[in-house]
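Dear colleague,

I am handing over the structure below, and after it you will find my notes on what turned up in it. Please read them with the coordinates open.

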Amino acid sequence: MKIRIGHLYPEYLNIYADRGNIAVFARRAGLRGHELEVTPISVGDEVRPGEHDLLYIGGGQDREQALIAPDLAARREAVREAVAGGAALLAVCGGYQLMGRGYRGRHGDDMPGVGLFGHETFAGERRMIGDVLLDCELEPGRRRTLAGFENHAGRTRLDADAAALGRVVAGYGNDGESGDEGCRLGRAIGTYLHGPLLPRNPWLADWLLAQALAHATGGEPPELEPLPDALEARAHAVSAQRARDRGGRF
Ligand code: GLN
């Protein structure tokens, strides 16, 4: 199968080499005989619902976010329609913030968001920086951990009816208080975790690929053939231990 990825604002939002997540998708799809087609979607480009099996947006500094936020907000309906139509989505940090209703940055600038996720973000005084470990249950009864690195001033508050991606085991997460990290809406995932996220969390890469394949085929997410992930497991273990050692509170 061909898996079509729409990469939003790749030249603006790529802090901590977030595009490494795309490299993971390409490699893991290729090893299962699938082809990845990655299309950049930047300022002035249309998002056409149905044309992408997965939308990806990385993180960035307030400055870069402010440059693209009005353009992204103008595509709000299209992004929401794409996800409502079954496309998967992965949004990291700055991109995650802008998938909510909006972000008020460190210097008071109000950036409009897409309103896909039920959350709002306001920058605080101190940045939340360090390794993070999460406990996730994307499917009932199937608990798995995610390890990554966070660096954000934004405090994200989820609406009462919005679901977090996971519970913080160590680190700050959405706001350093609630114990929530990220947001999940069907096949859409938002998170503060960089690293990049996917090289040390291959199960999430495969979960997203399976969701994207389901969109491409119109069927159920397939079971992907397991890969020998010894190096990935080591990277995850090192990262998880760093997060545990740190604890992660102000
Ligand atoms: N600029 C945003 C913040 O500081 C997002 C940072 C990021 O993407 N790492 O909260």
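The protein contains six helices and twelve strands. Its radius of gyration is 17 Å, close to the 18 Å that the globule rule gives for 250 residues, so the protein is as compact as a globular protein of that length. Please keep in mind that this is a predicted model.

Along the principal axes, the C-alpha atoms fill a box of roughly 45 × 45 × 30 Å, and 54% of the 250 residues count as buried. Of the contacts between residues at least 6 apart in sequence, 70% join residues at least 24 apart. The accessible surface comes to about 10,700 Å², with 49% of it belonging to carbon and sulfur atoms. As for charge, there are 30 positive and 35 negative side chains, and the centres of these two sets lie 4 Å apart.

Aspartate 109, in the loop between β5 (102-104) and β6 (110-112), counts as partly exposed at 29% relative accessibility. With neighbours within four places in sequence again left aside, aspartate 109 is in contact with Ala66, Tyr103 and Arg104. Between aspartate 109 and arginine 63 there are 9.7 Å from C-alpha to C-alpha, while the two are 46 residues apart in sequence.

Some backbone geometry also deserves a look. Most residues other than glycine have a negative phi, and most peptide bonds are trans. The peptide bond from glycine 195 to proline 196, however, is cis, with omega near -5°, and proline 196 lies in the loop between β12 (188-191) and α5 (202-217).

Tyrosine 9 has a positive phi, near 50°, and belongs to the loop between β1 (2-8) and α1 (20-30). Tyrosine 16, for which phi is also positive and near 50°, is likewise found in the loop between β1 and α1. Which of these tyrosines is buried, and which is partly exposed? Tyrosine 9 is buried, with a relative accessible area of 0%, whereas tyrosine 16 is partly exposed at 34%.

Conventions
Residues numbered from 1 in each chain as written. Predicted model: local features only at pLDDT ≥ 70, side-chain atom pairs only at ≥ 80, totals over all residues. Heavy atoms only, no water. Helix = DSSP H or I, 4+ residues; strand = E, 2+ residues; numbered from the N terminus. Rg over C-alpha atoms; globule rule 2.2 N^0.38 Å. Buried < 20%, exposed > 50% of the residue type's maximum accessible area, 1.4 Å probe, protein only. Contact = heavy atoms within 4.5 Å. Areas by Shrake-Rupley, 256 points an atom, 1.4 Å probe, with all protein chains shown as cover. Lys, Arg positive; Asp, Glu negative; His and termini not counted. Charge placed at Lys NZ, Arg CZ, Asp CG, Glu CD.
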